Amino acid sequence: MSENKIEDYGRGYLVLLLPISFLIIFLVATWRLWLALIFVGLGFNIWQRYQWQRWCLQVNPMFNQLIRENQGKITPMDLAIKGNFSGEAAKRYLDGKLAEFAGSIVNSEDGGKVYYFITASTLGSIFDSSEPVKELPHQRSSTMMELLAPPSKQVEQEEPETQTTETPSHTHQEEVKKPLEQQLIFGSLIQSELAKRLNVYSSTVYKRRDDPEFPEWSRSKDPDGIAWRYSPKTKEFFPIEEEKS
């Protein structure tokens, strides 16, 4: 009984050893061929990367131009039409730039994907709302002199002891009621100033400024019914005098 078991175990090991031995003999006989295939594969991969880098260098000027024109926004279709190549190549290129410049992908209203890269111009537009209100040099100096000057006795006697402070909403209404000539010190308004005049958030003006219907929308919000237009060159807003009601 024990001899039969030993024979069965021996046959089982023999079944496993035969394929392994044939595989070892095959690898020893063909190792040069496998080594050559590995080197060919590595060389082909290096050649593909080299060709892709050369192609990317040719596409970089078109990519930079589209980024400047579209304020950091670009789609694979835009790049494919500009360079006259396939959409798959454009998408692969933009994915590489996405990782290189830490960009982001924004879903558009029609369900497409828009690649968004932050540039200095887009940052200037975003932080435009935080720009201080422009003042003339002589106004600043006069204000400082008034603050440094001692209070007069006559004014102290005439003023009542209790003074009511204006609420922010009342002050905002007085700023809006100022004549347009006083607000347009430089002939135009920046984004934060126009937002105060229209009584809306600065981000709302930023989102709507490139809309073709922005003049009509601003006219409906303006207390004097004045339409405004946006100048991308100066990043300021100008009144449309000829359309004033």
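Residues are numbered from 1 along each chain as its sequence is written. Because this is a predicted model, local features need pLDDT of at least 70 and side-chain atom pairs count only at pLDDT 80 or more, while totals for chains, interfaces and linings use all residues; side-chain values use heavy atoms, with hydrogens and water left out.

The secondary structure of the chain comes to 11 helices and 5 strands. Helices (H or I, at least four residues) and strands (E, at least two) are DSSP runs, numbered from the N terminus. Of the 245 residues, 24% count as buried. Here buried means under 20% relative accessible area, exposed means over 50%, and partly exposed lies in between, for a 1.4 Å probe and protein chains only. Among the contacts (heavy atoms within 4.5 Å) with a separation of 6 or more, 45% are accounted for by residues 24 or more positions apart.

Confidence is expressed as pLDDT, the predictor's confidence in each residue, from 0 to 100. The chain has a mean pLDDT of 75, and 64% of its residues reach 70 or more. Confidence is highest in helix H11 (residues 214-221), at a mean of 90, and lowest in helix H6 (residues 153-158), at 44. The pLDDT is below 50 over residues 131-141, a stretch with 14 contacts in the model beyond near neighbours in sequence. Over residues 153-176 the pLDDT is also below 50, and that stretch has 11 such contacts.

An α-helix has 3.6 residues a turn, so residues three or four places apart point the same way. Ala-90 is placed in H3 and is buried, with a relative accessible area of 0%. Not counting residues up to four places away in sequence, Ala-90 touches Pro-76, Leu-79, Ala-80 and Phe-85. The C-alpha atoms of Ala-90 and Asp-78, 12 residues apart along the chain, are separated by 8.8 Å. Just after H3, Ala-102 takes a positive phi of about 55°.

Thr-75 touches Leu-94, Lys-113 and Val-114, not counting residues up to four places away in sequence. The place of Thr-75 is in the loop between strand E1 (73-74) and helix H2 (76-83). Thr-75 counts as buried because its relative accessibility is 19%.

Ile-105, found in strand E2, likewise touches Lys-113 and Val-114, together with Leu-98 and Tyr-115, not counting residues up to four places away in sequence. At 39% relative accessibility, Ile-105 counts as partly exposed. Its C-alpha atom is separated by 9.5 Å from that of Lys-73, 32 residues apart along the chain.

The second largest pocket brings these strands together. Strand E1, strand E2 (104-107) and strand E3 (113-116) each supply at least two residues of its lining. About 280 Å³ of space lies in this pocket. Of the 10 residues that line the second largest pocket, the closest to its centre are Lys-73, Val-106, Asn-107, Ser-108 and Val-114. On a 1 Å grid over the protein atoms alone, a pocket is an open set of points where a 1.4 Å probe fits, with protein on both sides within 12 Å along at least five of seven lines, and lining residues have an atom within 4 Å of a point. The volume is the space filled by probe spheres set on the points, which are joined across faces, edges and corners.

Ser-218, in helix H11, touches Leu-198, Ile-226, Ala-227 and Trp-228, not counting residues up to four places away in sequence.
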